[in-house]
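Work through the exercises below with the structure open beside you. Try each task before you read its solution.

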Amino acid sequence: MSEATGRAPTVAVSRRRALGAIGAGLAGAALGGGGAAARAASAPLGFHNAPAGGIGPAPMRLLNGAAPAGLEGALYRNGPGHFVRGGKTLGHWFDGDGLVRAFRIANGEASVAARFVDTPKRKRDESADAFVTGGFGTTGRPGAGLANPDDANAANTSLLAVGDRLWALWEAGGPYGLHPETLSTEGLEILRDDLAHMPFSAHPKVEPDGRIWNFGLDFGAARVIVWRLASNGAVEAAEVVDLPQAAYIHDWAMTRTKLILPLAPWIVGSRRPPFVANLDWRPEEGMKILVIDKDDLSKRRTYDAPAGFLFHTADAFEEADGTIRFDACLADAPTLDAEYGAKVMSGRPLARPEPVAAMFALRPDGRGAIEKTPFAGEFPRIDPRLAGSRRARLYAAAEGAKPPQGSYRFSAVMAVNWDKGEREIFDFGPDILVEEHIFVPKPDDAAGGWLVGAGLNLKAEASELYVFDAERIADGPVAAWRAPAPLPLGFHGVWRTG
Amino acid sequence: MRLAVSAALIAAGASVGLHWRSAAAAQSDPGARASLDITVKTDGSGGAAMIALYADAESYGGDGEPARAVRVEISEKVQTVSFDDLQPGDYAIRSYHDRNGDGELNANPFGLPTEPFAFSNGARPSFGPPGWDAARIELKAGDNAETLDFDA
């Protein structure tokens, strides 16, 4: 596969820096969580401990614009919320206890609430006042009593709406059920008795009709389980699939008929924590891309590609001639390895590989190509109505013209249009750390939709909520609200209407 | 990510442990004998607790048979079972709660146990089963007590 950068998109850029200057932050003290005084001196904003009891629900203050008519529901987001115990910082960003945040928009107003997922890991670490549970990049304490992966489950990476519940997802164990109104933890979901403690990744793919597909990586064993669930979470099938190499896999992609597992040459050696320390970057081995038929998982094809690393895909689709395309945020090397995953929590500037928006093409004759843009970003998303279908746009948090000074570099929102070969960007400027923005379709089958996402205003020391018209990203948010406290930076979310 | 003891390792000790040295063979020592009262804590969900008592590190590690073994039908959350007429000395227990009563420690497709298990001395696995030293208990002449908490 050759790397093609020929169709370098032209750039339609609009930079604005309006929101950061609007208004002073409300004091966070009323919620017990905000303000520098409440944070450990060593913990920078965004990587600070959230209050143990969570925050809110509390109203958010409208900064500008107005909630669009028809946008009613909640953006639920998950991400690590506890970084320092007993004076010591976690070994890796990915090991913080899951903090689920609900940003609700109703009747033109917004509110925020957040609660920790009540896991055995959190209970054990809390009672020890130390990070005794081993994890992705945390060594843990010998004899911590881990009987199975769910004893170390941080439930901290993403969320899936299943029936009347939310599932808080990690990647090496099962989902944790949460009540979507109270955010209270209902417990580990055993999807089927004989599949207890099997891994369920943080990136399930949902077909337009609601059927859920996911994989779970047997870390170090060159195999995954492929899950197929009904929209209500009932297991329809679960099958073990062997991989060509013991690669670490965080995310995958799905067309109407195919499952695509991108296997970066980040290869697992030993299985003892900290797991990330066992990952060996072997660029000379290149990337392998495994394509599996959804109807018959024994029908597999492997494509060879140049070395590269991706945490996240946007989506995948097939073209009439059988070409499979998927887009992703692709870097030259792992972006949060053992070193970066620890250092990022210091908040200090960190030179590390940058993911950029890229489109993979896998041709029926076995060849392929990667079209790499110069546009740095992460947390790619699409219009969920177009999952598995040909579509032009990828949305992501992006690097702006003048990135923030700290370890987290995204301060803009972008829409890459693959058909037009251009992108739109709205740049908040270096004082706002921009998190994942997700596409919320307009109701009643209307065309278009909104991008809804969170950010952390470093000057105001408060989290913010933004709504963009997905067709007009460069115009900036059509509505923005400010929370009365800063929340740690999160990873992934889900929108629930109503 | 394999954080746990493999089912095979536990099963090697526990599930094949339904034969043991006869009491007659163990009675060669004319001295004082020991007994062990075991409190079995489970979720009370039925099935059986499969409990194997080992008298040395080798057999505990899977290379040899347990000194004693017992199957306890589970009907309540707290039950008791006893081993009597034991030679005083060091022992260790591997056990599992055979919830579905199929006589095996069931495992998921990646080999991790899907049924609860417990070791003596409150020992917990840490990326593998606890070793003999962690699970070892000393039985003195007379009465001894131990708790196996499968619901911990």
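Predicted model: local features only at pLDDT ≥ 70, side-chain atom pairs only at ≥ 80, totals over all residues.

Residues are numbered from 1 along each chain as its sequence is written, chains are lettered from A and ligands numbered from 1 in the order in which they are written, and side-chain values use heavy atoms, without hydrogens and water.

**Exercise 1.** Describe the ring pair of A:F219 and A:F275, and state which parts it ties together.

Solution. 
- Start with the rule: rings of Phe, Tyr and Trp (its six-membered ring) pair if their centres lie within 6.5 Å; planes under 30 degrees apart are stacked, over 60 edge-to-face, the rest tilted.
- The whole structure holds 26 aromatic pairs over all chains.
- In one of them, A:F219 and A:F275 sit 5.1 Å apart, centre to centre, with 75° between the planes, so the pair is edge-to-face.
- Now place the residues. A:F219 is in the loop between β16 (212-218) and β17 (223-229) of chain A, and A:F275 is in the loop between β21 (266-268) and β22 (279-281) of chain A, so the pair ties together parts 56 residues apart in sequence.
- Strands here are DSSP runs (E, at least two residues), numbered from the N terminus.
- Both A:F219 and A:F275 are buried, meaning under 20% relative accessible area (1.4 Å probe, protein chains only).

**Exercise 2.** Which ring does A:R122 lie over?

Solution. 
- Apply the cut-offs: NZ of Lys or CZ of Arg must be within 6 Å of the ring centre and within 35 degrees of the ring normal.
- A:R122 lies over the face of A:F116, 3.6 Å from the ring centre.
- In chain B, B:R94 lies over the face of B:Y60, at 4.5 Å.

**Exercise 3.** How many residues has the largest nonpolar core?

Solution. 
- A core joins buried Ala, Val, Leu, Ile, Met, Phe, Trp, Tyr and Cys residues through side-chain atoms within 4.5 Å.
- The largest has 84 residues; A:W93 and A:Y248 are among those with the most contacts inside it.
- Strand β23 (residues 287-293) of chain A gives the largest share, 5 residues.

How values were computed: Helix = DSSP H or I, 4+ residues; strand = E, 2+ residues; numbered from the N terminus. Buried < 20%, exposed > 50% of the residue type's maximum accessible area, 1.4 Å probe, protein only.
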